[in-house]
Amino acid sequence: MDFFDDIGIIAIGTRLRMLSDKVAEDAAKIYPMYDVGLKPKWFPVFYILSQTNERSITEIADDIGHSHPSVSKIVREMIKAGIANEKKDKNDKRKNNIQLSDQGKILAFRIEEQYIDVKIAVEEILNQSRNNLWNAMEEFEFLLDQKSILQRVKESKKQRESEKVRIVPYELKHQEFFKRLNEEWITTYFKMEEADRKALDHPKKYILDEGGHILIALYDNKPVGVCALIKMNDPNYDFELAKMAVSPIAKGKGIGWLLGKVVIEKAISLGAKNIYLESNTILKPAINLYHKLGFKKVIGHSTPYERCNIQMELTLK
């Protein structure tokens, strides 16, 4: 069974590399046919230099989309082969420019016929193929510029893993987990305060019995995240989003986002018009999450927490 038929599109990188190697192998045999002493990897740099009087390594790298170190290495090889020269810039003596040597200019003249024959050969392949590879590559590169394969894989991973997450109401069996997870993150960055101890030691008395709710995120049926919706005695706000924490083993799975969305939906179902929260700007991922959920910064409210340096609200429709 053919490897690529078996594994499919997930081996696209391997297949592209093998195709590139096959084309490069032929290219290495084509240059001698025209008495052009170039290595295939030199061609992009050689072509740019053949079309301009002189270019800096940085300019060449920008022109061909290669890294500066990669172009620098190719230039050194071309200089050693006598194809290119290095000279000081007329206007900036600290800057070196690259140009073709006399030998390089001779090669630039010889290669013109090679260009004609190679273009005909490649056009023949493209015309004989049902899918025009050149056009497909342009489209594929455009799509990668919009969003890389790495970004797309990360999103797919997060989406797949989020399907294993369930958000369930708090039960007495979750009390120790609720307390421990919050204590871990609080003591990592700050110190435990009196308001923390009340809510974490007695969540039923200070949260649930006061009209609030606690939600637990389960991943593969194991608790990995918590969040509370605390009833507020404030004419401006119905509930406070508080005590949100996600286990380090579950980071990157979008659990904070899922918890936040479900907590907001819960508040809406209870007829809430707005939600309030307090945090600290040192917790950048959390602040970014709150912004993503729609919270906006407010000022002027009293707080029982020393660590609070930002207050936010979400107006519900």
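This is a predicted model: local features need pLDDT of at least 70, side-chain atom pairs count only at pLDDT 80 or more; totals for chains, interfaces and linings use all residues.
Let's start inside. The largest nonpolar core has 29 residues. Which of them touch the most other members? Leu 241, Ile 255, Leu 259, Ile 275, Tyr 290 and Phe 295 do. Helix H12 gives the most, with five residues.

Take Ile 255 from that list. Set aside residues up to four places away in sequence. Ile 255 then touches Val 165, Ala 217, Val 224, Val 246 and Ala 250.

As background, nonpolar side chains tend to be buried together in soluble globular proteins.

Arg 55 lies in strand E1. Arg 55 is partly exposed, at a relative accessible area of 22%. Beyond four places in sequence, Arg 55 is in contact with Ile 48, Leu 49, Ile 60, Asp 63, Asn 97 and Ile 98. For a distance check, take Arg 55 and Pro 69. They are 14 residues apart in sequence, and their C-alpha atoms are 15 Å apart in space.

Next, charges. Side chains of opposite charge can pair when their charged atoms come close. How many salt bridges does a search of the whole structure find? The count is 17.

First example: Lys 87 with Glu 54. Their closest N and O atoms are 3.4 Å apart. Lys 87 sits in strand E2 (84–88), and Glu 54 in the loop between helix H3 (43–51) and strand E1 (55–56), so the bridge ties together parts 33 residues apart in sequence. Lys 87 is partly exposed, at 27% relative accessibility.

Lys 147 counts as partly exposed, at 27%. Glu 155 is also partly exposed, at 43% relative accessibility.

The N to O distance is 2.7 Å. Where do the two partners sit? Asp 196 is in helix H10 (194–201), and Arg 307 is in the loop between strand E9 (296–298) and E10. That links distant parts of the chain, 111 residues apart. Are these two buried or exposed? Asp 196 is buried, and Arg 307 is buried too. The pair also belongs to a network of salt bridges that links Glu 193, Asp 196, Lys 243 and Arg 307.

Stay with helix H10. Its buried residues are Asp 196, Ala 199 and Leu 200. Why do they line one face of the helix? Down the axis of H10, these buried residues fall within an arc of 90°, so they share one face. Their cover includes helix H9 (175–189), helix H11 (203–208) and strand E7.

H10 also holds Asp 201. Asp 201 counts as partly exposed, at 30% relative accessibility. Leaving aside neighbours within four places, Asp 201 is in contact with Gln 175 and Lys 179. Asp 201 and Tyr 305 are 104 residues apart in sequence, with 17 Å between their C-alpha atoms.

One more lysine. Lys 253 is in the loop between E7 and H12. Is Lys 253 buried or exposed? The cut-off for buried is under 20% relative accessible area. Lys 253 has 12%, so it is buried. Setting aside residues up to four places away, Lys 253 touches Lys 157, Lys 158, Glu 161, Ser 162 and Tyr 219.

Last, the surface. There is a nonpolar patch of about 900 Å². Its members are Ile 12, Leu 16, Leu 19, Val 23, Leu 133, Trp 134, Met 137, Phe 140, Ile 149 and Val 153. Which helices supply at least two patch residues each? H2 (12–33), H7 (133–146) and H8 (149–162) do. Trp 134 is in helix H7. Trp 134 is exposed, with a relative accessible area of 52%.

Note on methods
Residues are numbered from 1 along each chain as its sequence is written. Side-chain values use heavy atoms; hydrogens and water are left out. Patches are made of residues with over 30% relative accessible area and no salt bridge: like charges are joined within 9 Å, nonpolar side chains (Val, Leu, Ile, Met, Phe, Trp, Tyr) within 5 Å. Accessible areas come from the Shrake-Rupley method with a 1.4 Å probe; for residues, only the protein chains shown count as cover. A salt bridge is a side-chain nitrogen of Lys or Arg within 4 Å of a carboxyl oxygen of Asp or Glu. Helices (H or I, at least four residues) and strands (E, at least two) are DSSP runs, numbered from the N terminus. Buried means under 20% relative accessible area, exposed over 50%, partly exposed in between (1.4 Å probe, protein chains only). A nonpolar core is a set of buried Ala, Val, Leu, Ile, Met, Phe, Trp, Tyr and Cys residues joined through side-chain atoms within 4.5 Å. Contact means heavy atoms within 4.5 Å. The arc is that of the directions from the helix axis to the C-beta atoms.
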